[in-house]
Amino acid sequence: MMRSTTVWATTALLTVTLGASVAPAVAAPAAAPRAAVVCPTGWGSLGKTYSASTTESVTNVRTGRHDCYDRFVIDVPGASAARLGFSVGYVDQLHQDGSGRPIPVGGGAIIEVRVDAPAYDVDTGASTYPGRVAQPLPGVNLTGYRTFRDTRYAGSFEGVTQFGLGVRARLPFRVLRQTDHLVVDVAHTW
């Protein structure tokens with residue numbers, strides 16, 4: 001009797017094991033296909049300007065990564081879009097306003113970003129932005145960016161604040177004026 005029980009137990013175990021191995025596999029649900037990203041075109045690489053100014057102060061600079069471009073944002077709280085003047089364009093070398101001092105900027109090309117807003121309080125002269133001339137921008141880390149390579153603060157002189165943006169190559173860019181912000185987007189490709 002013991003032998004019969006052992007044979008039946010072994011047969012049952014083999015049946016369960018073999019049955020599990022020949023059972024049809026259930027496919028995992030397929031991941032939803034990612035929609036193709038269509039990147040904007042037609043920005044161009046020529047300089048862009050808008051004449052206006054504000055006495056509201058620059059307080060911060062930040063960057064962001066997007067599918068089609070890298071973004072550079074200058075925060076000017078209290079400034080309306082209509083009052084945010086700027087001059088943005090490629091230069092051979094970044095020169096500090098006032099002194100003319102050259103400021104090295106890494107990358108294959110340099111974009112000079114000038115916003116017509118001071119980086120100091122116009123009443124007291126106290127600095128409102130913690131950047132140091134010729135140094136990388138505080139709080140900005142470009143690790144993993146496809147286009148941006150370097151950032152430099154060039155200072156604030158006579159109500160105009162100046163930055164250097166090192167990019168991989170001379171690529172198309174656009175400038176957006178928004179309430180409280182000036183935005184520069186630089187495309188990853190042509």
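Predicted model: local features only at pLDDT ≥ 70, side-chain atom pairs only at ≥ 80, totals over all residues.
**Group meeting: a loop threonine, the cores and a pocket**

Where is T54? You will find T54 in the loop that runs between β1 (48-50) and β2 (60-65). Is T54 buried or exposed? T54 counts as buried, because its relative accessibility is 13%, and the cut-off for buried is under 20%. If we set aside neighbours within four places in sequence, the contacts of T54 are V76, A79, R83, L84, D116, A117 and P118.

Now to the nonpolar cores. The largest one holds 32 residues, and V58, F72, I74, I111, F163 and V186 are those with the most contacts inside it. Two or more residues each come from β3 (69-75), β4 (86-91), β7 (109-115), β8 (148-157), β9 (160-167), β10 (173-178) and β11 (181-187). Of these, β7 gives the most, with four residues.

Let's look at I111. Not counting residues up to four places away in sequence, I111 touches V88, G89, Y90, F163, G164, L165, V167, F173 and V186. There is also a second, separate core of six residues, with I103, I110, A134 and A154 among them.

Last stop, the largest pocket. How much space lies in it? About 170 Å³. The pocket is lined by 14 residues, and C39, P40, A187, T189 and W190 are the closest to its centre. By class, that lining has seven nonpolar, five polar and two charged residues.

Conventions
Residues numbered from 1 in each chain as written. Heavy atoms only, no water. Buried < 20%, exposed > 50% of the residue type's maximum accessible area, 1.4 Å probe, protein only. Contact = heavy atoms within 4.5 Å. Core = buried A, V, L, I, M, F, W, Y, C linked by side-chain atoms within 4.5 Å. 1 Å grid on protein atoms, 1.4 Å probe; cavity = no way out; pocket = protein on both sides within 12 Å on 5 of 7 lines; lining within 4 Å. Points joined across faces, edges and corners; volume = space filled by probe spheres on them. Nonpolar A, V, L, I, M, F, W, Y, C, P; charged D, E, K, R; others polar.
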